[in-house]
Amino acid sequence: MANFLQPPRLRIGEDTEEERRATWLELFYDLVFVVAVSQLAHNLNEDISLSGWFGFIVLFIPVWWSWIGTTFYANRFDSDDVGHRLLIGIQMLTAAAMAINIHHGLSESSPGFAISYALGRVVLVIEYVRAGRHISSARPLTTRYAIGFAIAAFFWLISALVPIPWRFGFWTLGIIIDFATLLTGRKFQIGLLPHASHLPERFGLFTIIVLGEAIIAVVNGVSEQKWDVLTAISAIFGLIIAFSWWWVYFDNLGGKPIEMARTHGKVGVVNLWLYTHLPLVIGIAAAGVGVEQILLSKPALALPDSQRWLMCGSVALCSLAVSILHRFGVIRYCKIRSQYRLGGAVVLLAIAIFGRGLLPVAVIALVAIVSAVQVVQDLYQSRPTTRLVDPEI
């Protein structure tokens, strides 16, 4: 049972840091973002043009950043008291409001989306002010975050009062300030680096959320299509794609960016880890939509260009993001794996460029093969006979 009132406490630092797992409250909080990601995927499913893809990214970033803000706060200052639970409950309401306003989020629902996001940031500011009052050693960091996030929230609130397209200019300014608040606060972060065991788990859980969209896409695509052998084969390939990237991501979490930052005094590696996850989760979520589009297409006709580009381009984005994480040691440091991921991205883009006229099953089969090759390469490199070879070569 939660304590009635307990001030925020510092959960990080070499002297106070203990093994941590995601709390039941955090897992409950994630459920709202399952819905939000589903709504984002639904939007993209309705418009897979270049403008639809751009709109998907524009709305995805504040949803993801809202989750990131709460996660980083809880990572450092979580205290399971009534006050914290109530503040998280309010943040869940704002996230749910964002999810509701995602449909038509760049047109008539955009004021509601902006206000929902801004109110969530206001709650986060209150949390940081509360933490700063009780933890003097963290006050420089919490003050900087509170000021930066408050300014960003102000621009989002103002945006609801101005017409389109100027509204989106305020959104851009607000997101830039939000991102810059973290990037420019390095000297305050070095002594308050995130928890080394808790944060990777939380990032992994959000990755699971977007991977779940690929599973939902397979189920939706098959259930809405008349039974056909080619559709069934395509569904199997869709599951292979999701399973392959689950394997690649979670089997390579051996890198320890927070410990690296603590040892070498470089906060940049943590920021690289954070921001590279954005294209990764965008790519995974969009790939789920691509799978569903393929399953709903006519199996005997060539796959339209927009659907082929969505399928190949989204998985290529995932592969590129994982390649960067490998290359800089944010996950398992390995030049060979980084090159394979980069090579996979190039092959996928080649399929998108030169694959005109391919049947849907052929496109998804090629994407599944490229994805599965990444797993096979990892298994080959991890054989007992190769363990004597430097894995960083």
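Predicted model: local features only at pLDDT ≥ 70, side-chain atom pairs only at ≥ 80, totals over all residues.
Residues are numbered from 1 along each chain as its sequence is written, and side-chain values use heavy atoms, with hydrogens and water left out.

Let's begin with the overall layout. The domain assignment gives domain 1 (22-190) and domain 2 (197-381); such bounds come from an automatic or database domain assignment. The C-alpha centres of domain 1 and domain 2 are 25 Å apart. Across the two, 30 residues of domain 1 are in contact with 31 residues of domain 2, where contact means heavy atoms within 4.5 Å.

Next, the charged pairs. Side chains of opposite charge can pair when their charged atoms come close. I call it a salt bridge when a side-chain nitrogen of Lys or Arg is within 4 Å of a carboxyl oxygen of Asp or Glu. How many salt bridges does this rule give? The count comes to nine.

One of them joins arginine 21 and glutamate 201, at 3.5 Å from N to O. Arginine 21 sits in the segment before helix 1 (24-46) and glutamate 201 in helix 8, so this pair ties together parts that are 180 residues apart in sequence. Helices here are DSSP runs of H or I, at least four residues, numbered from the N terminus. Arginine 21 is exposed, at 59% relative accessibility. For these words, buried is under 20% relative accessible area, exposed is over 50%, and partly exposed is in between, with a 1.4 Å probe and protein chains only.

Now look at arginine 121 and aspartate 178, which meet in a salt bridge at 3.4 Å, N to O. Arginine 121 belongs to helix 4 and aspartate 178 to helix 6 (residues 166-183), so the parts they tie together are 57 residues apart in sequence. Arginine 121 and aspartate 178 are both buried.

Arginine 308 is buried at 2% relative accessibility, whereas aspartate 305 is partly exposed at 29%. Salt bridges with shared partners also join Glu26, Asp30 and Arg202 into one network.

So what about a charged residue with no partner? Glutamate 213, in helix 8 (residues 198-223), is buried yet has no salt bridge. Which side chain of opposite charge is nearest to glutamate 213? That is arginine 202, 16 Å away; Lys and Arg count as positive and Asp and Glu as negative, with His and the chain ends not counted. Leaving aside neighbours within four places in sequence, glutamate 213 contacts Val34, Val37, Ser38, Ala41 and Gly288.

Another buried residue is histidine 84, at 3% relative accessibility, found in helix 3 (residues 82-102). Beyond residues up to four places away in sequence, histidine 84 touches Leu25, Tyr73, Asp78, Ser79, Glu127 and Arg130.

Finally, back to helix 4. Leucine 119 has its place there and is partly exposed, with a relative accessible area of 41%.

Conventions
Helix = DSSP H or I, 4+ residues; strand = E, 2+ residues; numbered from the N terminus.
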